[in-house]
Every structure is written in C-alpha cells, then in structure tokens.
Amino acid sequence: MKNKIKYLLFIPFLFLFLAGCSSKNITTTKNEYSADGLVAVVKGNAKGYSKVSYTQNGKTKSTKVTSNKFVFSVPVSSNDQTVKITAKDGSNTSSTSVTVKKAKPMTDYTTYAQSYNYMLLQSGSENSQLPLIFSDGIHKVNYNDGLTYRFNVQNGSLMGISIKVPMKTLKSKDGAKNFAQELAISSQLVGSDGQKVLKKLSKEFKDVQDGNTTTIDAVKSKGIIYNVNYSTSGIYIYITK
C-alpha cells in the first residue's frame, strides 16, 4: 500500500518534469519558403530561447529571438537550399529544417557587369564601374547620383537586383534622368524591354504622387518582373525573373 501511495505521489512530479522539458521548442511558419525580392524570409517561434542559429551552404549565422519570435533572410539561388535552424540553452537543444525554393537566374553576372560598365562609359555617366566578379551573396553598390544597388549573385549567376531611389533624386531633373538611363540599361541587359518598363513605371509613380493610388502594381516584361515598394523617402525596385 505504501509503495502504491509513493507511486501516485510521483506521477504529478513526472508531468511537471515533462512539461518543463517541452517548454522550449522551435517551429517555423512554413516548411518551404520562396523568393520575396532577392531573398526568402524565414519566420518562426523559438519558445524559451534567446537566439537561434541557421546554417545554409555550410555557413552558420545567428539572429535574436524577440517575444519568442525570430526572422531571418536567405538569398535565393538557382537550386533548392536546405536551411537547418538550431536553438541552444544549456543542455536544451531544439532544431528544425526548412527548404528555400530555387528561383530563376536572370543572366550571367560577369557578362552583365562587363556590358553595364561599357554602356555607362558610352553614356558619359560618372558612376563607378561594377566589379566583374562577386562571391555568392548580396552585394551593395552606392552610386554617385544617390542610387543604391544590391545584386544577388549565386554561382556566377545574377539572381536579382534591387534599386533604392531617394525621393530627392526622383524630384531632381538630372537625378530622374540618370535613374531612367540606368534602369533602361539594366533592363536591356537582363532581357526585358527597358522603354516599356520605364513608361509603365512612370505612370505608376505619377498615380501615387497624384494620390490616385497607394500601391504600385508589378510590371512584367519578357519574363522579368519589377516589384516596387513606395515610401515618402523614396522607392525600392526589385528586379527578378
């Protein structure tokens, strides 16, 4: 009888122990993530942890956990990528994996850079030349006219381009002209119709500035997609395929 009582008393402590072990866990909002601009944005929960680490293509990075939630971005590639996510706290370890789905490359990066540099010289632009080779990753290039470019290069392929255009550049006659010229060059080199894209985007920008709309629809040309985010400080253009 005494042994039975001891057993019954032990059961609540067992449940408390198991509950404590299960209070720390890691989950993601999806099993697979696709491109959102130049990257795939991975989101999840890591209850009971202060940070998570994630490993992709042999490289490990970490990010903070805030209110049990975490978020990080992975540059998309022409191949599916498996990303392992791990959280540790003393002897407690939780892990999971997600897949970042492949995207279509636009063109060979070195070919793009060589042609871009040549066309800039021909146009008389004072902007600096692009490097002919980039390692895998997203690379930031600041231009003299206030434009900020980011290039996602993976395995020698140009996966996507983002362009940040300050509002003061758009409102300047010379700045707007330079932006239009450079966007037309980039568009031509990735295989789209630069003039058609500029015409469509100009109309979209005017509609926003006139208060006719608060969103800018994606522009598509020959398989190339232009997504635009608009803010009071400027515009962000994401060019992908």
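**Cores, sheet and helix crossing: what the terms rest on**

Q: Which residues does Ile237 touch, not counting residues up to four places away in sequence?
A: In this predicted model, Ile237 touches Ile161, Ser162, Ile163, Phe179, Leu183, Leu201, Tyr226, Asn227 and Val228. Contact means heavy atoms within 4.5 Å, so each of these residues has a heavy atom within that distance of Ile237.

Q: What makes up the largest nonpolar core, and which residues have the most contacts inside it?
A: The core has 39 residues, and Tyr112, Phe151, Ile161 and Ile237 have the most contacts inside it. Members of a core must be buried, under 20% relative accessible area, so Ile237 and Tyr112 meet that limit. Elements that give two or more residues to this core include helices H2, H4 and H5 (194-209), together with strands E14 (224-231) and E15 (234-240).

Q: What is known of a second core?
A: A separate core of 20 residues includes Tyr33, Tyr49, Phe70 and Ile85.

Q: How do you know whether Ser73 is buried, exposed or partly exposed?
A: Its relative accessibility is 38%. Buried means under 20% and exposed over 50%, so Ser73 counts as partly exposed. Ser73 lies in strand E6 (residues 69-75).

Q: What is Ser73 in contact with, leaving aside its neighbours within four places in sequence?
A: Ser73 is in contact with Val39, Ala40, Val41 and Tyr54. Ser73 and Val41 are 32 residues apart along the chain, yet 4.4 Å separates their C-alpha atoms.

Q: Why do strands E2 (32-33) and E5 (59-64) stand at the edges?
A: The open sheet of five strands has the order E2-E8-E7-E4-E5, with mixed pairing. E2 and E5 each have a single partner strand, so one side of each is left without a neighbour in the sheet.

Q: What makes E4 and E5 a pair?
A: Two strands pair if there are at least two bridges between them; E4 and E5 have six, so they qualify, and they run antiparallel. One of the bridges joins Ser53 to Ser62 in E5. The hairpin of E4 and E5 has two residues between the strands, and Asn57 takes a positive phi near 55 degrees there.

Q: Why is E5 called hardly covered?
A: Buried means under 20% relative accessible area, and the count of buried residues among the six of E5 is zero, so the strand is described as hardly covered.

Q: How do you know that E7 (residues 81-89) pairs with E8 (residues 92-100)?
A: Nine bridges join E7 to E8, against a requirement of at least two, so the strands pair; their sense is antiparallel. Thr82 has Thr99 of E8 as its bridge partner, and Asp89 stands opposite Asn92 in E8. E7 and E8 form a hairpin with two residues between them, where Gly90 has a positive phi of about 65 degrees.

Q: How many bridges link E4 (residues 51-56) to E7?
A: There are three, in the antiparallel sense, and Thr55 has Lys84 of E7 as a bridge partner.

Q: What describes the packing of helix H2 (residues 109-123) and helix H4 (residues 173-189)?
A: Their axes come within 10 Å and cross at roughly 145 degrees. The crossing is right-handed. Among the contact residues are Tyr112, Tyr116 and Met119 of H2 and Gln181, Glu182 and Ile185 of H4. By class, the contact has six nonpolar, five polar and one charged residues.

Technical notes
Residues are numbered from 1 along each chain as its sequence is written. This is a predicted model: local features need pLDDT of at least 70, side-chain atom pairs count only at pLDDT 80 or more; totals for chains, interfaces and linings use all residues. Side-chain values use heavy atoms; hydrogens and water are left out. Axes are lines fitted to C-alpha atoms, for helices over the stretch in contact, and angles run from 0 to 180 degrees between N-to-C directions. Helices (H or I, at least four residues) and strands (E, at least two) are DSSP runs, numbered from the N terminus. A crossing is left-handed if the near helix is turned anticlockwise from the far one by less than a right angle, and right-handed if clockwise. Ala, Val, Leu, Ile, Met, Phe, Trp, Tyr, Cys and Pro count as nonpolar, Asp, Glu, Lys and Arg as charged, and the others, Gly among them, as polar. A nonpolar core is a set of buried Ala, Val, Leu, Ile, Met, Phe, Trp, Tyr and Cys residues joined through side-chain atoms within 4.5 Å. Buried means under 20% relative accessible area, exposed over 50%, partly exposed in between (1.4 Å probe, protein chains only).
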